[in-house]
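Reader: I'd like to go through this model one feature at a time. Could you give me the general idea first and then the case at hand?

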Amino acid sequence: MAKRILGSMLILLLGMVSFSFLSGLKVEAADRVHTVSSQETVESIAAIYDISTEQLMNMNGLPDGKLYIGQKLTIQTAYTPSNYQWSERGKQIGNYAKSFTGFKKMAGEETPIKGFDSSGLIHWVLSRQKVPIDRLSVEGYYKQGMDTNAPKAGDIIFFLEKGSSKAVTAGIFLGGNQFVNSGYGAETVQVRSTTEKYFAQYQVEYKTYTPKGEHVVQNNETLKSISDNYGVSVDTIKKRNALPTDSLMQAQYLQIYSSPLYPFYANQEASYDKAYDVIKYAYTLRGFTYVFGEYDPMIGMDCSGFIYWAMKEQGISLKRGSAADLIFFRDTDLSREITHVGIYLGDGRFIHTTRNTGVHISDLTTSYFTQKFESFGQVQVNMD
């Protein structure tokens, strides 16, 4: 019975769009803004202001050393290391979004080189900040994000038609009335205000991709050091994340408090316990890289390797490349081949890994996936 129920928690789908997280730093008030000119580098700008390249990158949430002409960088004279907190991470996301002020609006685009539409800006900023998300429309991001009544920097602000709740545009929230938006009522990326005429006519809602109560494991951290930092026992952290041992992997997500960002599948039957543990443990692996034919998170995993690893770590024997009692999706009306597998979390979300995004969460109710659904059943195939 338990095996049957566990199998039904897994879903198959076809590939999509990845990222691990960088540590956060507490940032103090800004002193000035530097506009990037031709030939400038992170190193040359840091030298001008007598700060380290690491400090400059963390101030502006830069994911790497690549700069773009016209990018506006905040220059701050003081910063202090901080334990990883989502509120600080959100500030980095907001600062990175602000650095593209003045970049052109371009429908359907999502890069600094070609330009951004509103959803493209959201995808570029969040994905470059290592938030593992799919490339979606504004409406898609509205459905995918989780509601928040206490928005913080780095969350997404949506403007909806009153009455219909249709998402018209969106931006990256900075706090107060401010947000970064690409092109709604302008031709470039701008820091905007909810009080502007363009936006005041719409209903405002906020969604989050950066939850509270979650910790991303940094190099050399241990369960004991994390436990001491948060005042939560080692046993509690292990139970909330279904950790099979005390060993941790750098960039692994840990639920520190009781409520995850996405709801886990909940059922009172004891036979669901093992499935529930598989889900909780798989949830810790978000952001790990996709590598074809592999099944070790520290090397990378393809879709079946991800399932194999998550089950193996929970003491469940599953042949590499096999699946049973699953929900299936297929590519076309003619193709019956099953090519991808994921784990259902509840509330229409599932976790899976793909080439471009690695381990991440997607929405089962999107048209892409509903069109691929075939049936429940059993199969033994080589996937991916």
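Reader: Let's start with contacts. Which residues does Ser 182 touch, not counting residues up to four places away in sequence?

Author: Before that, a word on what you're looking at: it's a predicted model, where local features need pLDDT of at least 70, side-chain atom pairs count only at pLDDT 80 or more, and totals for chains, interfaces and linings use all residues. Residues are numbered from 1 along each chain as its sequence is written, and side-chain values use heavy atoms, with hydrogens and water left out. Now, contact means heavy atoms within 4.5 Å. With sequence neighbours up to four places away set aside, Ser 182 touches Lys 104, Lys 105, Phe 116, Asp 117, Ser 118, Leu 121, Thr 188 and Val 189.

Reader: Where is the place of Ser 182, and is Ser 182 buried or exposed?

Author: You'll find Ser 182 in strand S11. Helices (H or I, at least four residues) and strands (E, at least two) are DSSP runs, numbered from the N terminus. For burial, read the relative accessible area: under 20% is buried, over 50% is exposed and anything in between is partly exposed (1.4 Å probe, protein chains only). Ser 182 has 3% relative accessibility, so it counts as buried. A polar atom of its side chain lies 2.7 Å from the backbone oxygen of Phe 116.

Reader: Which backbone oxygen lies 2.7 Å from a polar atom of the side chain of Thr 284?

Author: The one of Tyr 281. Thr 284 sits in the loop between helix H10 (273–283) and strand S16 (295–296). With a relative accessible area of 1%, Thr 284 is buried. Leaving out residues up to four places away in sequence, Thr 284 touches Asn 241, Gln 252 and Tyr 253.

Reader: On to rings. How many aromatic pairs does the structure hold?

Author: There are 14. One of them is Phe 100 with Phe 116, edge-to-face at 5.6 Å centre to centre and 65° between the planes. Phe 100 is in the loop between helix H4 (86–98) and strand S6 (110–111), while Phe 116 is in strand S7 (residues 115–116), so this pair links distant parts of the chain, 16 residues apart. Phe 100 and Phe 116 are buried. Another edge-to-face pair is Phe 179 with Phe 199, at 5.0 Å and 85°. Phe 179 belongs to strand S11 (residues 178–182) and Phe 199 to helix H7 (residues 197–200), so their pairing ties together parts 20 residues apart in sequence.

Reader: Which residues do ring pairs link into a cluster?

Author: Tyr 68, Tyr 96, Phe 100, Phe 103, Phe 116 and Trp 124.

Reader: Which ring does the charged end of Lys 312 sit over?

Author: The ring of Trp 309, 4.1 Å from its centre. The criterion is NZ of Lys or CZ of Arg within 6 Å of the ring centre and within 35 degrees of the ring normal. Likewise, Lys 207 lies over the face of Tyr 142, at 4.4 Å from the ring centre.

Reader: Now the sheet. What order do the six strands of the open sheet have?

Author: In general, strands of a sheet pair through backbone hydrogen bonds, either parallel or antiparallel. Here the order is S8-S13-S9-S10-S11-S12, with antiparallel pairing. Strand S8 (146–147) and strand S12 (189–193) are the edges, each pairing on one side only. Two strands pair if DSSP finds at least two bridges between them. Strand S9 (residues 156–160) and strand S13 (residues 203–208) are joined by five bridges, and Phe 158 has Glu 205 in S13 as its bridge partner.

Reader: Why is helix H11 (residues 303–312) largely enclosed by the rest of the structure?

Author: Because nine of its ten residues are buried.

Reader: Last one: what is phi of Asn 220 near?

Author: Most residues other than glycine have a negative phi. Asn 220 has a positive one, near 75°. Asn 220 is exposed, with 67% relative accessible area. Ala 242 also has a positive phi, about 50°, but Ala 242 is buried at 8%.

Conventions: Phe/Tyr/Trp six-rings, centres within 6.5 Å; stacked < 30°, edge-to-face > 60°. Polar contact = N/O pair within 3.5 Å; in protein donor to acceptor, adjacent residues only side chain to side chain.
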